[in-house]
Amino acid sequence: MNLAGFVPLMVLLSAGAASNVLPAGNPLYVSGEDGYDTYRIPALLVTKSGTLLAFCEGRKGSSSDTGDIDMLVKRSKDSGATWSPQQVVWDDQENTCGNPCPVVDQDTGIIWLLMTWNLGTDRESQIIKQESEDTRRVFVSVSQDDGKTWAKPEEITGDVKEAQWTWYATGPCTGIQLERGVHQGRLIVPCDHIEAGTQKYYSHVIYSDDHGETWRLGGSTPTDQVNECQAVELADGRVMLNMRNYDRSQRTRGVSISEDGGMIWSAVRHDAALPEPICQASLIRHSLAGPAGEGTNRLLFSNPANREDRMNMTVKASHDEGETWPIARVLHEGPSAYSCLAALPDGVIAILYEAGQADPYESIVFHRFAFAWLTEG
């Protein structure tokens, strides 16, 4: 595998400064091309058959979070070497269709895509203040043919959103399926919300115990100032949430644990090893040790590892279930933002991330590398 694009870089740039270093990997979505002003919010999923699905939002009029936004996907049958043309999964005229959070059911092979919707004329601030014409709604689509086609999205807002919640977001990134314990087979999708009359963000999960046919509301974090999150099942069957953190006295990722499949969450702690500038991040399991101790427990994490600015996209590894993150290497020192990791069937690591030379939203880049690249750092 060609690792020439991976160069350890020492100089950090301010968020607004241009970088003379190109992001490692190949631009998969380039802002300004194929009818869209900006591409944002990547989600990367490996299907049961090994196909790669690269989702994102296609923003037509501008880079704004509000407006005419479509849900897009590209497919790869060869681990990311080649990709299909982009396909529109959901286009609701001039409204906002976004926040992709796909999850694959390993029992059935069916792919469920959780998303959120709002009127293109309603801004987040208006929805939070309850001054909008409509509100934030939750939808699910499904593919039963390995991501080739997608069913018309169905609304599930009433099943997964409390009446007093205003803002709501699924993911973004990916959901998980529990592999052990009394909740084995449960599909879990990480989400966040704001309660009416407040500016307080909370992380929560929704889940399905019937292979995606119905979705229910799980537990929320007991403390606020956290929102966009990712979930991972730990080796002992507990579930960990890793969350975007708004507590600027910490400037590090928030972490919470559930011992009952996502219904009750522990108090949020902050991980000093995972600095952030208030931004989304990705967390996945790369490998799990066998019952006799064979193999390795390994978690992977990615985000713009900087306390101030969205830059310095870094991939980290933990061999003690997220207690420490001693292995880290910079993927792109320049402007970078949202990311999504995936473990390919052969153990190779793939990442889909926002990056550019002048700002993070110039492109969504796909890259893959062997785990050995991380340890070389």
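Mentor: Two ground rules come before that. The model is predicted, so to speak: local features need pLDDT of at least 70, side-chain atom pairs count only at pLDDT 80 or more, and totals for chains, interfaces and linings use all residues. Residues are numbered from 1 along each chain as its sequence is written, and side-chain values use heavy atoms, without hydrogens and water.

Now the rings. Nine aromatic pairs are found in the structure. Rings of Phe, Tyr and Trp (its six-membered ring) pair if their centres lie within 6.5 Å; planes under 30 degrees apart are stacked, over 60 edge-to-face, and the rest tilted.

Take Tyr36 and Tyr39. Their ring centres are 5.6 Å apart. Their planes meet at 55°, so this pair is tilted. Are these two residues buried or exposed? Tyr36 is buried, and Tyr39 is buried too. Buried means under 20% relative accessible area, exposed over 50%, and partly exposed in between (1.4 Å probe, protein chains only).

Move along to Phe301 and Trp325. This aromatic pair is also tilted, with 5.8 Å from centre to centre and 55° between the planes. Where do the two residues sit in the chain? Phe301 belongs to strand β20, residues 298–304. Trp325 is in the loop between β21 (311–318) and β22 (327–343). The two residues are 24 apart, and their pair links distant parts of the chain. The strand names come from DSSP runs (E, at least two residues), numbered from the N terminus. As for burial, both Phe301 and Trp325 are buried.

Next, look for charges over rings. Here NZ of Lys or CZ of Arg must be within 6 Å of the ring centre and within 35 degrees of the ring normal. What lies over the face of Tyr207? Arg186 does, at 4.1 Å from the ring centre. What about Phe371? Arg298 lies over the face of that ring, at 3.5 Å from its centre.

To recap, follow the tilted pair of Tyr36 and Tyr39, then the tilted pair of Phe301 and Trp325. Then find Arg186 over Tyr207 and Arg298 over Phe371.

Technical notes
Helices (H or I, at least four residues) and strands (E, at least two) are DSSP runs, numbered from the N terminus.
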